[in-house]
Amino acid sequence: MHVLLCASMTSIAQNIYGTVTDCANHQTLAGVFVRIAGTHTGTSSGNDGKYAITGLKADIYTVEFSCIGMKSVRKEVRVEGSQDSQLNICMEATQEKLDEVSVEAKSPVQRLRESSYNVIAVDTRALQNTSLNLSHALDRVSGVKIRETGGVGSSSHISLNGFSGRHVKLFMDGMPMESFGTSFRLNNIPVHLAERIEVYKGVVPIELGGDALGGAINIITGQSRRTSVDASFSYGSFNTYKANIDVIYSARNGFFVRLNAYQNYSDNSYKVKTRLLTFHADGSSNYSREDYWFRRFHDNYHNEAVVVNTGVAKKKWADRLQFKFTYSREKQDIQHANLMKIVYGGRERRAQSIIPALSYEKRNLFVPNLNLRLSANYSLARNNNIDTLARQYNWQGEYRTKSFKGEGQYTMGEYDNRSMSVSAGINYRLNERHLFAFNNLYSSFNRRATDAVANSETTTAATFMRRTNAKNVLGLSYRFEPSKIWNASAFIKRYDVTVRGPINISTNTTTVVYEEQQRSFGTNGYGIAATVHPSAAWQLKTSFEKAYRLPSETELFGDESLETGDAGLRPENSLNLNVNISYEHTFAKVHTIVCDAGLIYRDTRDYIRRQIEQRYGGAFYTNHGQVRNYGVDIEARYFYKKMFSLGGNVTYQDIRNMERYSATGRELIYYRDRMPNVPYLFGNADANLQINDCFRRGNVLSFGYNMRYVHSFFRDWASEGGDIIIPKQLSHDLNILYSLRNGRYNIAVEALNITNEILYDNYSLQKPGRSFMVKLRYFFRNRDIQPN
């Protein structure tokens, strides 16, 4: 069948429908751009040639049909009362000869790139056949560095333009992820669960509603209305396997249901190089001066999750109503503290979470161009930390008996984290030039100990004190679009937070006295963003923001294991400036060049810094003071048809301590030092070669290469004589993929860190060496489902 893919814009409306065909052969035409003349209201025809424009008032409309290679058509149609109007048309081919024209609809990724926000949108479809999780997918984005503490299941922290960890907010479908629990997070969610990943550098739109300081990442899960089956299994080094099944059913009446289940497991038995603790007969011990190679022996990780989505779409009373239920659990051995030389042989953590969620969307609510979005979720995350052995281990698996229980701090404690988030957003387009938006996000957190027997032996005065955190972020924005050449947005935000938890009120550093206290904080933020398109190839963006970030639950209350919180932490605030320029051009119809460069400035006060206690390897949080950052990130890519691509990015950030005096008035020796344990120069490069119709029509063979580089940086303050340097790192990955029958059957082989480099991230915590992974994937997708 002769099918042309044509440029389109997608919008949701109602009352005019029909089928578009080719006048010459009566074949249906896919991707035809259908629009109400003089408006932004439009859609495109599906694979069966059908289209529908909804939500129109009774009136006479001129409908425009356009498609590359076909003559445009304009037809008038009358919409009367509640009657649907059918308009079937055929289109004639132009007389011009087209050479392999393949123009796709303007995707959400493209629309985001053209907005005034400095945002990168990653289409994850190209990564579906890899064994990557969402963290590893993000690690390929310009300006983003994922910092892991180990292998599969290890905790990961995101560094984005100089900010890391919880300075960068994570969202899934616009809702904050910080309440989802450790068993459902970026480092264990497979990449196929996401349709795209949006990375906001600097100013974050009010629609996300969060208190992001250095940017935000929004995971958009699949919204496909096609019935499909996606099943895969991966196996590789260190006895690692990953299994997944994703089933979508979509009916013609708009009903849909999606079931996704996945499992991750690994022994994580890779080798590490570190110091050896030697036990002596007299009861003493000491660490070796040199590093030796050891195999990890207590680092198993096991994780499962089930996600069920069901609801209806394209109804008169709802464009989308969705119920979502997520259950996840994990069991993780703890091999070492935040310092790798401190090793454990029996510590472990178990967690499970239950997350019901509801979302509702309605366009043209009551009046045209008034759109409503409501979302809510509730999370119950139960955690159990186990540390009972009266032993001290070394990296050879040897141990000596201790006089007290606990390798670190004795615990069998069990506690629940109960969280709730509710988001409401309304936007109204007055006309083509003016758009107003309102969004409010309320979230609450409550932690309580649940097992009095398990906690009885480790109870302190603070154990059963309340730990609560309630936040509300309200935003108002206005967008002005005078032309297609430029547009600008301005917004204000209101931040309110109330925290209740144990505070150490002791004035003696050798004793701890806890008192339950409540503190409240409220303030306002604001910002502007603008973009200019001086030509079709060039785009300039700039944004400025006064932003606040409210401390997270882990920073306030710890994790009851290796992290110690401080309920007295103050919110961070920052002045942020971004300037970005991009260029994209296709020449000779087959060559495309994309370049992007961004400059950043951050002036942050009450910066929340994570530090490591050197004796036992625990982590704690403090308000540091003033931190300033200048940075630049550059990305360039070249594409030849759909056969070959080559690209890379590099990020430099000069993030320094600008706090000159301590709380006691003493001048700090590390004034103007780089912030410790933060990479300041890193980059990625990748190449991909795709051979279409390899051996058989519809089969594709592709070869991929990825390189990651991190320059050396200080682990501690340089001016204090910090002699521990995280060495520079250069790693290389290769992958081969063979896809059969238009992607139905797929086999991929991946070789990671092929040169077996020693790779570090946080505080010299070593990541896996050379490893291999094989993935088998079956994928079937039915044709588009069009609701009645």
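1. A residue counts as buried under 20% relative accessible area, as exposed over 50%, and as partly exposed in between. That scale sorts the side chains below. Note that this is a predicted model. Y241 has 22% relative accessibility, so Y241 counts as partly exposed. Y265, at 15% relative accessibility, counts as buried.

2. Overall make-up. The secondary structure of the protein comes to four helices and 47 strands. The radius of gyration is 28 Å, close to the 28 Å that the globule rule gives for 788 residues, so the protein is as compact as a globular protein of that length. Along the principal axes, the C-alpha atoms fill a box of roughly 95 × 60 × 50 Å.

3. Of the 788 residues, 52% count as buried. The protein exposes about 35,700 Å². Carbon and sulfur atoms supply 55% of that area. Take the contacts between residues at least 6 apart in sequence: 65% of them join residues at least 24 apart.

4. Aromatic pairs. How is a pair of aromatic rings described? The distance of the centres and the angle of the planes are used. Ring centres must lie within 6.5 Å to count as a pair. By this rule the count comes to 21 aromatic pairs. One of them is Y241 with Y265, which is stacked: the centres are 5.4 Å apart, with 25° between the planes. The pair links distant parts of the chain. Y241 belongs to strand 18 (residues 240–250) and Y265 to strand 19 (residues 255–266), 24 residues apart. As noted in point 1, Y241 is partly exposed, whereas Y265 is buried.

5. A second pair. F297 and W395 form an edge-to-face pair, 6.3 Å centre to centre, with 85° between the planes. This pair also links distant parts of the chain, its members being 98 residues apart. F297 is in the loop between strand 21 (285–295) and strand 22 (301–313). W395 is in the loop between strand 26 (391–393) and strand 27 (399–401). F297 has 34% relative accessibility, so F297 counts as partly exposed.

6. The cluster around that pair. F297 and W395 belong to one aromatic cluster with F294, Y393 and Y399. Y399 also has a charge over its ring: the charged end of R391 sits 4.0 Å from the ring centre. Elsewhere, R347 lies over the face of Y344, at 4.8 Å from the ring centre.

7. Strand 16. How many of the six residues of strand 16 (residues 216–221) are buried? Six of the six are, so the strand is largely enclosed by the rest of the structure. Both faces are covered. On one side A216, N218 and I220 are buried, and on the other I217, I219 and T221 are.

8. Partners of strand 16. Strand 13 (residues 169–172) pairs with strand 16 in the parallel sense over four bridges. Strand 15 (residues 194–200) pairs with strand 16 in the antiparallel sense over six bridges.

9. Strands 31 to 33. Strand 31 (residues 486–504) and strand 32 (residues 514–532) run antiparallel and are joined by 19 bridges. Within this pairing, I492 stands opposite Y526 in strand 32. Strand 32 also runs antiparallel to strand 33 (residues 538–549), with seven bridges between them. Here T531 stands opposite K541 in strand 33. A hairpin through five residues joins strand 32 to strand 33.

10. Backbone angles to check. Most residues other than glycine have a negative phi. N369 is not a glycine, yet has a positive phi of about 70°. N369 lies in the loop between strand 24 (348–362) and strand 25 (370–386). With 32% relative accessibility, N369 counts as partly exposed. N756 also has a positive phi, near 55°. N756 lies in the loop between strand 46 (745–752) and strand 47 (771–784). N756 has a relative accessible area of 41%, so N756 is partly exposed.

Technical notes:
Residues numbered from 1 in each chain as written. Predicted model: local features only at pLDDT ≥ 70, side-chain atom pairs only at ≥ 80, totals over all residues. Heavy atoms only, no water. Phe/Tyr/Trp six-rings, centres within 6.5 Å; stacked < 30°, edge-to-face > 60°. Helix = DSSP H or I, 4+ residues; strand = E, 2+ residues; numbered from the N terminus. Buried < 20%, exposed > 50% of the residue type's maximum accessible area, 1.4 Å probe, protein only. Lys NZ or Arg CZ within 6 Å of the ring centre and 35° of its normal. Rg over C-alpha atoms; globule rule 2.2 N^0.38 Å. Contact = heavy atoms within 4.5 Å. Areas by Shrake-Rupley, 256 points an atom, 1.4 Å probe, with all protein chains shown as cover. Pairing = 2+ DSSP bridges.
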